[in-house]
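Me: I've got a new structure to go through with you. Can we take it piece by piece?

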Amino acid sequence: IIMPRLDLSLSLSGLLVMVMSITSNVLQPVFGYIMDKKNLCRVLIPSVPFGAVCICSIGYIDSKYMLFLLIALTGLSISTFHPLGSSLVSKTAEPHLMGTSMSLYVAGGNIGFACAPLVIVGFTQKYPLEYLPVLILPGIFIAAAYFFSRLPGLSTVQQTASVQSSNIKLRTLLTERPVLSLNLSMSMRAWAHTAVATFLPLLLIQQGYSPLASGGLLTVFLVGAALGGLFGGYTGDKIGHKKLIIISLALGLLPTAYFFTHLTNDALAILSLFLCGASLQAPQPSSLIWAQQLMPNNAGMASGMMMGLAFGFGSAGTALTAVLADYIGLPTALLLIVIPMFIASVTAVYTPFFSKH
């Protein structure tokens, strides 16, 4: 919507996405690390409305520079909210229901992500962009709910289990093989998820589908992802979070391959697309718990890695998929996402669940 208004080229649009990825994904571990050392729990109150104010002001700008600034600030809102929110889940959930609680937290974002395009398209078809500030109101309501809850009274500072663990240097933590291995696995998973979410509508339109039909199939994928994330944490509580990640990614290979080799809208193809989304998102809650097990005194940073850094690397993989599509075609390039899915599953097999620290 904003591209023709500001005469944005595809290159500038790509740069805009990169800016958003850096401030919303790559910076998450940084904010998480700070939150583990300083009590920033009250930042939870303004984090969502701040992002809402930034992105909903987009209809009033007439400068590319201001657009980049607003997008960057919106990304900072995301970078503060994600590690803070997941850290608070770990502090308020019952230990035996940690996966279920984390899955509810993750599913909230997934459901919002799936519904947002429908809401925004419907809103902007009826009202001009200058009316977008109306959509700040839900963020204000959420801030009020946080204010009157007991969440701001908690602390983001992680309680150190021992003197030895408190003396671990950040560089040592970041270069630990289990931490690197889990990040690699979840980056491969994010690559596959982001590539499908980004290029599925374009692929379907190329295949002759209407924009409405392609949007509907994207919703199938996103709803599958939301439900997969919802049930993934619960299942991880029952069978183990490492096992859940390995099995879900492995089981997702067949339906993913089936959909991208058939590209029809019959019942089996739609089911396959749904299962592709579910299998790719089911590991998300378990990956948060796993990361916090590997970094028990850096829960915020662990969350930032799984919800931010991994998706940042996944975006880089999505760019590689786009480059491949120019040479081998988009259908084949998207079919090849089964490779990072397979790598993610195999890498998880050889990643320890607990840190030696």
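Me: Which residues line the largest cavity?
Reply: Val179, Leu182, Asn183, Ala291, Leu294, Met295, Met305 and Met306 line it. A cavity here is a set of points on a 1 Å grid over the protein atoms alone where a 1.4 Å probe fits but cannot get out, and lining residues have an atom within 4 Å of a point. Before we go on: this is a predicted model, where local features need pLDDT of at least 70, side-chain atom pairs count only at pLDDT 80 or more, and totals for chains, interfaces and linings use all residues. Residues are numbered from 1 along each chain as its sequence is written, and side-chain values use heavy atoms, with hydrogens and water left out.

Me: What volume does the largest cavity have?
Reply: About 30 Å³. Volume means the space filled by probe spheres set on the points, with grid points joined across faces, edges and corners. The whole-structure search turns up 1 cavity of 30 Å³ or more.

Me: Which elements give two or more residues to the lining?
Reply: Three names to note: α10 (177–206), α15 (283–294) and α16 (299–328). Of these, α10 gives the most, with 3 residues. Helices are DSSP runs (H or I, at least four residues; strands are E, at least two), numbered from the N terminus.

Me: How do the lining residues divide into nonpolar, polar and charged?
Reply: There are 7 nonpolar, 1 polar and no charged. Nonpolar covers Ala, Val, Leu, Ile, Met, Phe, Trp, Tyr, Cys and Pro; charged covers Asp, Glu, Lys and Arg; the others, Gly among them, are polar.

Me: New topic. How many helices and strands does the protein chain have?
Reply: It has 18 helices and 0 strands. The C-alpha atoms fill a box of roughly 60 × 45 × 30 Å along the principal axes.

Me: What radius of gyration does the chain have?
Reply: 20 Å. A compact globule with 357 residues would be near 21 Å, so the chain agrees. The radius is taken over C-alpha atoms, and the globule rule is 2.2 Å times the number of residues to the power 0.38.

Me: What share of the residues count as buried?
Reply: 50% of the 357 residues. Buried means under 20% relative accessible area, exposed over 50%, partly exposed in between (1.4 Å probe, protein chains only).

Me: Is Ser286 buried or exposed?
Reply: Buried, at 0% relative accessible area. Ser286 is in helix α15. Leaving out residues up to four places away in sequence, Ser286 touches Gly232, Gly236, His241, Leu244 and Ile245. Contact means heavy atoms within 4.5 Å.

Me: Last one. Where is Leu263 found?
Reply: In the loop between α13 (253–262) and α14 (267–281). Leu263 has a positive phi of about 50 degrees, although it is not a glycine. At 12% relative accessibility, Leu263 counts as buried.

Definitions and conventions. On a 1 Å grid over the protein atoms alone, a cavity is a set of points where a 1.4 Å probe fits but cannot get out, and a pocket is an open set with protein on both sides within 12 Å along at least five of seven lines; lining residues have an atom within 4 Å of a point.
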